[in-house]
Amino acid sequence: MIKDTIEQNENTTPNSQQMAVLKAHFPACFKADGSFDLERFKSEIAEKTNVVQEGYELKFLGKSYAKLLASTDTTTVIQPNEAHNHLPENANSENIYISGDNLDGLKHLLKSYSRSIKCIYIDPPYNTGSDGFVYFDNFNYNKDTLQEKLSVSEEEAERILDLTKRGSASHSAWLMFMYSRLLLARDLLTDDGVIFISIDDNEQANLKLLCDDVFGEENFVAQLVWEKGRKNDAKLFSVGHEYILVYIRNKDASIIWREEKPGAEEILNEYNRLKEIHGDDIHSIEIGIKEFYSNLSETDNQHPALIHRRYNRIDKKGIWRDDNISWPSPDGPRYEVIHPITKLPCKIPDTGWRFATLEKFKLYYDNGFIEFRNDHTETPILKRYLNFVSTDFDKDSKRKNNRKIGKEQSNVQVMPSVFYKGAQPVVLALRALMGGEVFSNPKDPTVIMRLVSYVATIDDTILDFFSGSATTAHAVLQLNAEDEGSRKFIAVQIPEALSPGNPSQKAAHDFLQSNGLPTTLDYIGIERIKRAAAKIREEQDKKRKEQAGELFQGEEQPALDLGFRHYVLAEPNQNTLDKLYSFDKAALLADTTIMEEFGKPTILATWLNADGYGLTARAEAIDLAGYTAYHCQKHLYLIDPGFTLESMKALLRQYDAVGRFNPENLVLFGYSFPDWSINEMVEKNLRILNDGEKNLKINFAVRY
């Protein structure tokens, strides 16, 4: 467990993970002594790869150190918040909140959630000098160790240690801090997974190069500009914007993202209302739609539906507007299109026809998406419908790849890379939710909702490992409430102690203190999620009551997950570490104090996650002649001391008699089993079981 990890880390180098991958795929490139034969590797890939000696890359002090940190495993354990997790709203929740350093959190998550996170949003420290960022780690490497592991000079080793021990807010320190975390985050993303990273001008250029290094320059999607408002007190320019860098794990050309056009749903609702009144009277529906736009402009000339007022034509298919039928650039296709009445060739647009061939033009015309003018002297009109996809009939269309789930209409658009969303309303909304000032510059949950819904489906997992005030978690809950989704969030936040003497932390500290909560930053997020969930639940009750009227009797709530499981990443204290190192495997008595110091729930949670079952899995207690073992799918865990021959017999009977009981791995907590006769007894009986009629293959492991 911990001791095993420490011993493994001692042999870890910055390139351990990469070398393991190479060894798995290119074993012939490793010599007998284990060294890597670079020239052999070049020859292996020479036919398909152009091997060059020089390249463009970002270099900074501590880059190899950051790789080392990403390669070493965490020695923290996962402590479940038992009181919180057993509450009814949390017991079956698939949402996760982790209190701990996000470097440790990412390492734990990789053991169960590798390649399973669809969307990551993070708002890391901007390293502005006033945001509190100071790099510090607790790995306690010495100069000699770094020289050996990183193959660096004594001077460079000292400079790296200077960054980590004294604490630094330099560009190199910030890049070192981010690099290790982004390396781990990359491997959590699904193949089409997306990461959004908020940043400002201070580190934007460095972050772009860093992400090119981690995710690959070819997987860069966009740099969004979020305009928040003008600053009239600026001396030179009013810099009221931030950036959001967007990268995808694998930029497949078939992926298409779309979002619903603002205000389009209201137009469609009005169209459907008018259709119910007027039936097939197209003329009356068209008049009604134009009146709808006119009434909006009188009351609210900023209404989003007015953006689409060109959708004011009606036919049997629905509501439409005319669209450009010409090629988007010069020298487009030019062919004769015969007017159906005059029987003469229509005027060709200046840049050519929008469609590559006459056959494609006819396909659109035959399906009712092109309207000819009175005669051939004018070009025809392309009809763009709001109420359904105008290319559904087209087998060549890539519209099927739209990531927007459940949308059959074409009332969608591409999200712009520059958008405005004022900051002040967000501050007021958070203040109202929390009952007072907490943070002065929180992120906007509606923006994160927009990003998530743009790239993810309704049942994906969303991760934020710089959770802060838990805006992302709030956004996921709200989005699920609005579209009945089942997205899950994972939030990670370091439990930084808040100081009332720090002006930027005083409000948050005082809020927590006044509510009887621990004065650490993670509890701001925990409390916000609880309050956001309560507000959503209240709004849902109110809405359902209004819809049901007097028939409402407090029916069971819809299956909306508004809870979360809480875990704390804990580093064993020095007393526990001393016991681990001094433990005598040859002793006859178990050291139960080690198990008690960790706690059985912690051991189980850590092991279940390490074995790939995640943080919401449960182990079933199995009675083996008075001894309790814990079973989860392919694993059976023996944690308590006291496993006897009678327990072993009961285990063999369990394998023989219970069809669904077939764990392939038997794991012992080594500190509870110092007597090797017990281990030998277990191994001997497992060999007999493996050689039996059921032909089982049961692995046996002892963890320390």
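## Surface and overall dimensions

The protein exposes about 35,600 Å², and carbon and sulfur atoms supply 49% of that area. The model is a predicted one. Of its 704 residues, 49% count as buried. The C-alpha trace spans about 100 × 75 × 70 Å along its principal axes.

The secondary structure comprises 24 helices and 21 strands. Among contacts with a separation of 6 or more, 72% are between residues 24 or more positions apart.

## Packing of helix 10 and helix 11

Two packed helices are described by the angle between their axes and the distance between the axes. Helix 10 covers residues 171-186 and helix 11 covers residues 204-215. Their axes come within 10 Å and cross at roughly 35°, and the crossing is right-handed.

On the helix 10 side, the contact is made by His171, Trp174, Leu175, Met178, Tyr179, Leu182, Leu183 and Arg186. Helix 11 contributes Asn206, Leu207, Leu210, Cys211, Asp213, Val214 and Phe215. By class, the contact has 11 nonpolar, two polar and two charged residues.

## Salt bridges

The structure holds 33 salt bridges. One of them pairs Glu242 with Lys228, with the closest N and O atoms 3.3 Å apart. Glu242 lies in strand 6 (residues 241-248), while Lys228 is in the loop between strand 5 (220-227) and strand 6, so the pair ties together parts that are 14 residues apart in sequence. Both Glu242 and Lys228 are buried.

A further salt bridge joins the side chains of Lys579 and Glu597, at 2.6 Å from N to O. Lys579 belongs to helix 20 (residues 574-582) and Glu597 to helix 21 (residues 592-598), so this bridge ties together parts that are 18 residues apart in sequence. Glu597 has a relative accessible area of 32% and is partly exposed.

## A distant pair and a network

Asp611 forms a salt bridge with Arg703, the closest N and O atoms being 2.8 Å apart. This pair links distant parts of the chain, 92 residues apart. Asp611 sits in the loop between helix 22 (600-610) and strand 17 (620-624), whereas Arg703 is in strand 21 (residues 699-703). The relative accessible area of Arg703 is 19%, and the cut-off for buried is under 20%, so Arg703 is buried.

Salt bridges that share partners also join Asp123, Lys228, Glu242 and Lys443 into one network. The Glu242 and Lys228 pair described above is a salt bridge between two members of this network.

## Residues with positive phi

Most residues other than glycine have a negative phi. Lys343 has a positive phi, near 65°. Lys343 is found in the loop between strand 9 (319-323) and helix 14 (358-366). With a relative accessibility of 57%, Lys343 counts as exposed.

Gln633 is a residue other than glycine with a positive phi, in this case near 50°. The place of Gln633 is the loop between strand 18 (627-632) and strand 19 (635-638). The relative accessible area of Gln633 is 57%, and the cut-off for exposed is over 50%, so Gln633 is exposed.

How values were computed: Residues are numbered from 1 along each chain as its sequence is written. This is a predicted model: local features need pLDDT of at least 70, side-chain atom pairs count only at pLDDT 80 or more; totals for chains, interfaces and linings use all residues. Side-chain values use heavy atoms; hydrogens and water are left out. Axes are lines fitted to C-alpha atoms, for helices over the stretch in contact, and angles run from 0 to 180 degrees between N-to-C directions. Helices (H or I, at least four residues) and strands (E, at least two) are DSSP runs, numbered from the N terminus. A crossing is left-handed if the near helix is turned anticlockwise from the far one by less than a right angle, and right-handed if clockwise. Contact means heavy atoms within 4.5 Å. Ala, Val, Leu, Ile, Met, Phe, Trp, Tyr, Cys and Pro count as nonpolar, Asp, Glu, Lys and Arg as charged, and the others, Gly among them, as polar. Buried means under 20% relative accessible area, exposed over 50%, partly exposed in between (1.4 Å probe, protein chains only). Accessible areas come from the Shrake-Rupley method with a 1.4 Å probe; for residues, only the protein chains shown count as cover. A salt bridge is a side-chain nitrogen of Lys or Arg within 4 Å of a carboxyl oxygen of Asp or Glu.
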